[in-house]
Amino acid sequence: MGIRRLGAVAAAMALVVLLSPTPAHAQQTVTLRVAIIQQVDSLNPFLSITQAGTEVGKLMYDYLTAYDVTDQHPVEGLADKWESSPDRLTWTFHVPEGKKWTDGQPITAKDAAFTYNLMMRDEVAGTANGSFTADFESVTATDDRTLVIRTKQPQATMLALDVPIVPEHVWSKVTDIGEYRNDEGPVVGSGPFVLTEYRANEFIRLKANKDYWRGAPGYDELTFVYYKTADAAVQALGKGEVDLVNRMGPAQFDSLKDKPGVTRNQAQGRRFNEIVINSGAATRAGEPIGDGHPALRDVVVRRAIAKSLDLDEIIAKVNGGYAQRGTGPIPPVFADYHLTPEPAYEYDPAAANADLDQAGYARGADGIRVSPQGRRMELRLIGHASRAYDEQTGEFVKRSLADLGIVVDVQIVSDNQLDEAGTGGMFDLQFSGWGTNPDPDFILSLHTCGQRPNADGKGGTTDTFFCDAEYDALYAQQRAEFDPAKRRELVEKMQQRFYDQVPAVVLGYDNALEAYRSDKFASFPVQPDPGGVIMAQNGVWGYYGAVPVASAGQASGSKTGLVVGVVGGALVVLVGGAWLMGRRRGLRAEERE
Amino acid sequence: MIRHLAGKVGGALVSLLFVVALGFLLFRVIPGDPVVAMTRGRPVTGDQLAELRVRLGVDKPLGEQFVDYLSGMVRGDLGTSHVYSRPVLELIGERLWPTVLLVGTSTVLAVVLGLWLGIRGAWRRGSRSDRISTGLALAQWAMPTFWLGMLLSLATGDLFPSGGMRYPDTPPDFLSQALDVAHHMVLPCLTLIAVVYAQYLLVMRSSLLEEMHADYLTTARAKGLRDDLVRRRHAVPNALLPTVTLVFLHLGLVVSGAITVETVFSWPGLGLLTYEALTGPDLPLLQGTFVVLAGAVITMNVFADLLYRVLDPRVRAS
């Protein structure tokens, strides 16, 4: 009897809690709440590597120069003017008067010199961005306004130094950069927002820097809230718990189509997906490694593979239409450098078959081709288990190549296994993909001979094991070319060479899929404009320039509902419990054994 | 008694030592280069990779790495996470509390619910309510946890937050914070309870059924005791032993959390940290979580062993 009553009381309490209104969490301040799915590895700008971590870093610290919101050309960051010597080895930056750290101290060229020198001196401080200062000879502040950087060789990325500049008066007191967490607010910075509170794996709070030199942001607070899955983040957007979400999949993006109060942004992305073809993996010294199929060293076979893949169908079926057709490693979002190949491989299985017939890859009795050296055309295609894209696209590739008389065995493995197979050259075909930067140097460097690994399989960052004298010569030329038009031409030639030689087939460029609560925020700047992203920009224009709708600050509601509900529930339990105790005491006498 | 205790604790220590060694070797056998994983998709030069290898100490021979690892552990230092650049112990400590709160609460509630339903079911075995409650429990047990969690989240609409442990803008005072955390905990807790209570129910039900025809129950009834009291004071205490074992085994697993529930509801717990460490592979973090999780299970087993002697005089005598 007693237990049954207790059950009833518990049910009553559950009901009270359930019926209590959802707490609307609004205050007088206007807050932009952003869902993030990736981990913030560190808030120390010298250590932070993950995209989420560097994004927060950019909000807190300006770089020396910034990227324009419309077309990403270099614009004023901490420095407003710059020039280089005729030999391109000396760069002089001017840091204007009037810019202040968030604690009121003036920002000077000495702060910038301190930051770069720290990275050059202390290996740990170079963890995240050391590649930018690797070729620096010296960095000096000749006075408070003038910064002089000398490099060992001409460096094309001098106006794209993605290095957060930190205040010397704070960081000179840090004895161990590796141990410094930089997460106790308010953190002194120079960006449009100030870090005020950090709860690992829960949220990050920043408040607007009202004295920011570009002008104060149009709202008061910016909060990043962690979600472990994109599904949860999308749900939170639907419920109005967050205002901005990115990194959605096609299905999630489609689910928000007719949601009232939500606006979607289908943007050009910076990522490409590719299938790397093992065209002859070797070490830097030219020693062959791995076990790639020898027929893939024949460019005819690689071109036939490229012609047999229907990229438009893959985009329609696998990407849900949210991607652009692939050509070279630089996506169309960077219109200056994106390749329009001439001639392009059209989807033409008949031509691909004819090419293989002509090159002596005859079909055997079972329809499978045999190479002139007598090896059956059986290829492994390795993909990431963490990416549904690889598995789905793998099936397309398998079918397309089957029509070509080539058997494909799709192997979906863990990222680590894939890395290991990749660096060892133990593959025939392999899925890969990269995000690209406005400056094409790095992504192009991945296919130079020098990036191949050394004898023990380490020390290289090659993507394709591609090693081509013509490509390398063009790479060296573009690196030393400072005339934008000429460099553009060289970069295009390199990609055309890459495209002709087919060390990889670039399948497509994923769209970046984002959505926001348009009932709370009227608009966000996108980069590039039009067609660009709100989050993960080169810069933080999307957060900085967000415009709240007029009534956003007056949103009503409080947690009173929940408080009343829970307190009420607790009361019911207490009263019910007391009553039960009373009854039991009364019964005790007759129950006694 | 003391000899028995020393034996148990000694055995536990040996197991723990084995776990430490196994953890070290196991995670070095799995494929993957931590340096490559850390720098995936970033602009790095070959020289930087080599420097990183030296700094993380993964360039040393295995034996030397093992000695470093052991001597660190003796000093209470589990190493520094590659990904977070922070001490492993600190990271684990940060995540321990949310997991213990969530999984601990749901385990206690699931035990209470399971035992209660199990006792009722056995006492009125075969009745309609027994069949329904057992069937229901089994059906929920069979459900994939993440799926049930997502369903609950969809079905309850706007009543509960879609994830996390608290809202960022909750006032910092204790009551508001506690209420906010409780509000966030409802769905993950319900999911966990729904999925696990069946095993307590089944064990309790079957062990009580075994006692049902024991002579001492007839004696109790012959004394004129009410049915309620026969059950509560005579049958249940004797049937409780197997359940206690089960409960303690599960308490040991509390710290390992519930990876799927933590993922679905974005709960900042330890299960998820382990998973993240594995995808790295973030070797120091992986070893650290492995040792802590295994340590918790071993400790709870020792407790269960000792509690057995307290609960059952027969074990003490033998």
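What is the handedness of the crossing of α12(B) and α13(B)? I shall come to the answer after a word on conventions.

This is a predicted model, in which local features need pLDDT of at least 70, side-chain atom pairs count only at pLDDT 80 or more, and totals for chains, interfaces and linings use all residues. Residues are numbered from 1 along each chain as its sequence is written, while chains are lettered from A and ligands numbered from 1 in the order in which they are written.

Let me begin with chain B. The crossing of α12(B) and α13(B) is left-handed, meaning that the near helix is turned anticlockwise from the far one by less than a right angle; clockwise would be right-handed. Helices here are DSSP runs of H or I with at least four residues, and strands are runs of E with at least two, numbered from the N terminus. Helix α12 (residues 270-279) and helix α13 (residues 283-311) of chain B pack at about 140°, their axes 8 Å apart. Axes are lines fitted to C-alpha atoms, for helices over the stretch in contact, and angles run from 0 to 180 degrees between N-to-C directions. The pair is therefore oblique, since under 35 degrees counts as roughly parallel, over 145 as roughly antiparallel, 65 to 115 as roughly perpendicular and the rest as oblique. On the α12(B) side, the meeting residues are Leu270(B), Leu273(B), Thr274(B), Ala277(B) and Leu278(B); α13(B) supplies Leu285(B), Leu286(B) and Thr289(B). Contact requires C-beta atoms, placed from the backbone, within 7 Å.

I turn to chain A. Six strands form an open sheet of mixed pairing, in the order β14-β20-β13-β19-β17-β18; two strands pair if DSSP finds at least two bridges between them. Its edge strands are β14 (323-325) and β18 (407-413), each pairing on one side only. From one strand to the next, the twist averages 30°. Within this sheet, β17 (residues 378-384) and β19 (residues 429-435) of chain A are parallel over two bridges, with Ile382(A) opposite Gln430(A). Helix α12 (residues 415-424) of chain A packs on the sheet, touching β17, β18 and β19, and its direction makes about 135° with that of β17(A).

Finally, strand β9 (residues 203-208) of chain A. Six of its six residues are buried, so the strand is largely enclosed by the rest of the structure; buried means 20 or more other C-beta atoms within 10 Å of the residue's own, exposed 12 or fewer, and partly exposed in between, with C-beta atoms placed from the backbone.

Terms used. Two residues are in contact if their C-beta atoms, placed from the backbone, lie within 7 Å.
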